[in-house]
Amino acid sequence: MEKICVAVRFRPPLPQEGLNPSPSPANWRIDDNRISLHSPLGTPISGVSFAFDHVFDDTCTNLSVYERHTKDVIQAAVKGFNGTVFAYGQTSSGKTFTMKGSSNDPGVIHLAVQDVFRNIKLTTDREFLIRVSYMEIYNEEINDLFRPENRKLQIHENLERGIFVAGLREEIVNSPEQVIDLIEYGEVHRHVGQTNINSRSSRSHTIFRMVIESRGQEPAAFGDRTEDAVRVSVLNLVDLAGSERIAKTGAGGVRLKEGKYINKSLMALGNVINKLSDNGVRQRGHIPYRDSKLTRILQPALGGNAKTSIICTVAPEEVHVDETRGTLQFASRAKRITNCVQVNEILTDAALLKRQKMEIEELRRKLKGSHSGVLELEILKLRNEMLKSEQEREKLAMELEKERKSREQRDSSFEEQQLKPFDDIPQPGQERCSDMAPEICLSAEAYDRSNGTPSIDNSRTPRTPYHGDVSKVLVAKRFHEAALPECSPVPDDFANVADEDMWMRLNKGHSTIDLDLLHFTPDVKHFSISSRGAIQVQSSIEHHKDEMNALRLQLETALNSKTELEKNLENQLSLNEQLMLEVSKLQHEALLVREYPQKIWDAVAELKDIYTNISSHAEVLTSEQKHSNVKFLSSTCDMGVSLFEALANHLLLMTKNEGAYPGLSIQEEFKILSEKISQVAALAKASNIVDTSKEDLLQNCKILRTWSLHFGGCFWLAFALIMCITVFMCLWVPR
Ligand code: ADP
Ligand code: MG
């Protein structure tokens, strides 16, 4: 069990446009982690003194808030614990500043992203896969900030994934810079607007989410059950929109509507916090998470298994003292909540890391040999595409399931309709049972056949309808014993529910506000399909026929759309196959890239042997005949041999991927080579056997040197080789 960490942060006083002088500050006093309100004379005001985990004054930077208050949550997330950090407070109190920060004082989100990657780097014994998503809740609708056309997304829950937003785009990322770019892209699509107290007021709640999957690098011992365990943790970084008083923000029109939604969802959050802090963990009753999208999404973080840290931001001005008190009351309630944090280890295939493991390992192995950044990028792209196609598949499967359910419903109502003529149509001269008081509804079994008198059935037990001789008896229809479903406590329409009064109650810290008092969903009414005995048999049959036809048509449409969905699914699967083919093509290419140096090395070694051969022949000839041409031949062959040797060594080391060549540096080798060429040229000139002058050769050497400096060892050796062969050919051809 672990308590939620709560801190309070004061923002510096802000000069307000049109207000001269600026609003005076209230007399808040900070003493270590305590905060209290004092009167202008300095006496403490009773009931306005609170203690938190941290209280940050207006000189504090985002970095110190992060280091002292939220770092633990982020580091735990890398270890497999779910984590949530959110900023709460009235509008313009500094929530967005705390979470997003500025260019010279980056906020919690940026610092957390950097920290996650830093921690991953330090955790060398595990491999990680990180995906991120970014959503906003605007007017109680969930929008995808990474894919703006994804709007009005729905929240689902299942055993494998817990609570999740279906259809939300996730991106696999491998560097903090990539994440920051994505966040900036998402920010552009967030709803912000101008109000009297904040020129860039956040009009929506945003949730930036990182899903961190990891698994051990070392193969586990045989039979170890944790062999396949993958840790999957979710880190939510939330920037809430602020509660606002319509009178202060001066909101109207669209802003007013937004403000109502914002207040409403914050009130739902307040209610959840109140309920959680009221009850002990063991006797937690119903917690109204479903009252808003925000609380539903944050459910695992509030009273669940996440490490949670809340930063309550407050404004220091006297004019905001009521709001500040409200925020502090919220904070002190939140401080009482305990969560049951635990590492999330899963053994099923739900972990993406596990599913992609095989392909990735294979590609990584191939990549190790080559230095191709392009291939790395290609793999990241492929991974993202695989994730996307999985999400598409999931969406299609969900649609298919929905379609199947609605078809089942239609089928069953169709069957009911088919049965109805027997139930509903009154026999001539007979009253419909449903038109009568329940007390005189008789079941077939209740009819006393021995004396032909009907007996009253008081037990109200449901019975099988009797289809025997019904001319003398009244057949009881089915009893509707089951109570009608309760009305949903969640209002569908959030307009007109969060007004000024409600805001006051919210911010003055009233413990529980019953949403049902604010909005009443009308009762569901149940209608009988037939018109209660007044309809003639014929018209009723016609009516049912029409209905049957309509249902048949609906069924056909449903079947068509099902076929279409199945087709889509098939397409998706073939796309997956194509992707897999591309992956294997890449693997093949990587294999070829690795083989090239080996092949070149073989060729060079062969050439070296040829040169050595020529050189030894030339040596024999030199000693025997002392022919000057043979001398040149011998010395050029020597050069060739040494060049090929150096080239072969370079290549061998490259194939083994052992880094730099430990022998002579390129420049030194060049120096030796150019000296040798000079000697050969001088000898040639002295003997008068070649036209090429020594100066020309030296000029060539200079060019060669420049090229070598530009292109490095391998290129230089190749050029040197060409030059050497040229010189060799010049010398060898007798004049
Ligand atoms: P909120 O998100 O709570 O509505 P903002 O974060 O937008 O409020 O802050 C309102 C204004 O106050 C912004 O101009 C912001 O730069 C400034 N501000 C807030 N907190 C601080 C702080 N700690 N230091 C400096 N400026 C701040
Ligand atoms: Mg904001």
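**Cores, strands and salt bridges**

Modeller: This is a predicted model. In its largest nonpolar core, which has 47 residues, the members that touch the most others are Trp28, Phe52, Phe86, Tyr88, Leu269 and Leu302.

Colleague: Which helix gives the most to this core?

Modeller: In general, nonpolar side chains of soluble globular proteins tend to be buried together. Here the core receives six residues from one helix, spanning residues 253-278, and the helix that gives the most is α6.

Colleague: Which residues does phenylalanine 86 touch, leaving aside those up to four places away in sequence?

Modeller: Phenylalanine 86 is among the core members that touch the most others. With residues up to four places away in sequence left out, phenylalanine 86 touches Val238, Leu240, Leu269, Leu298, Leu302, Thr308, Ser309, Ile310 and Ile311.

Colleague: How many residues of strand β7 are buried?

Modeller: In a regular strand the side chains alternate between the two faces of the sheet. Strand β7, residues 83-89, is largely enclosed by the rest of the structure, because the number of its residues that are buried is seven of the seven.

Colleague: Which residue is the bridge partner of glycine 89 in β17?

Modeller: Strand β7 runs parallel to β16, with five bridges joining them, and valine 85 has leucine 237 as its bridge partner in β16. Strand β7 also runs parallel to β17, residues 307-314, where seven bridges join the two. In β17, the partner of glycine 89 is threonine 313.

Colleague: How many residues apart in sequence are the parts tied together by aspartate 239 and lysine 100?

Modeller: The side chains of aspartate 239 and lysine 100 form a salt bridge, at 3.7 Å from N to O. Aspartate 239 belongs to strand β16, residues 230-239, and lysine 100 to helix α2, residues 95-100, so the distance in sequence between the parts that the pair ties together is 139 residues.

Colleague: Is aspartate 115 buried or exposed?

Modeller: Aspartate 115 forms a salt bridge with arginine 118, whose closest N and O atoms are 3.1 Å apart, and both residues lie in helix α3, three residues apart, about one turn of the helix. Arginine 118 is partly exposed, with a relative accessible area of 47%. Because buried means under 20% relative accessible area, aspartate 115, at 2%, is buried.

Colleague: In which loop does the salt-bridge partner of arginine 131 lie?

Modeller: Arginine 131 meets glutamate 170 in a salt bridge, at 2.8 Å from N to O. This pair links distant parts of the chain, 39 residues apart, with arginine 131 in strand β8 and glutamate 170 in the loop between β11 and β12.

Note on methods
Residues are numbered from 1 along each chain as its sequence is written. Chains are lettered from A and ligands numbered from 1 in the order in which they are written. This is a predicted model: local features need pLDDT of at least 70, side-chain atom pairs count only at pLDDT 80 or more; totals for chains, interfaces and linings use all residues. Side-chain values use heavy atoms; hydrogens and water are left out. A salt bridge is a side-chain nitrogen of Lys or Arg within 4 Å of a carboxyl oxygen of Asp or Glu. Helices (H or I, at least four residues) and strands (E, at least two) are DSSP runs, numbered from the N terminus. Buried means under 20% relative accessible area, exposed over 50%, partly exposed in between (1.4 Å probe, protein chains only). A nonpolar core is a set of buried Ala, Val, Leu, Ile, Met, Phe, Trp, Tyr and Cys residues joined through side-chain atoms within 4.5 Å. Contact means heavy atoms within 4.5 Å. Two strands pair if DSSP finds at least two bridges between them.
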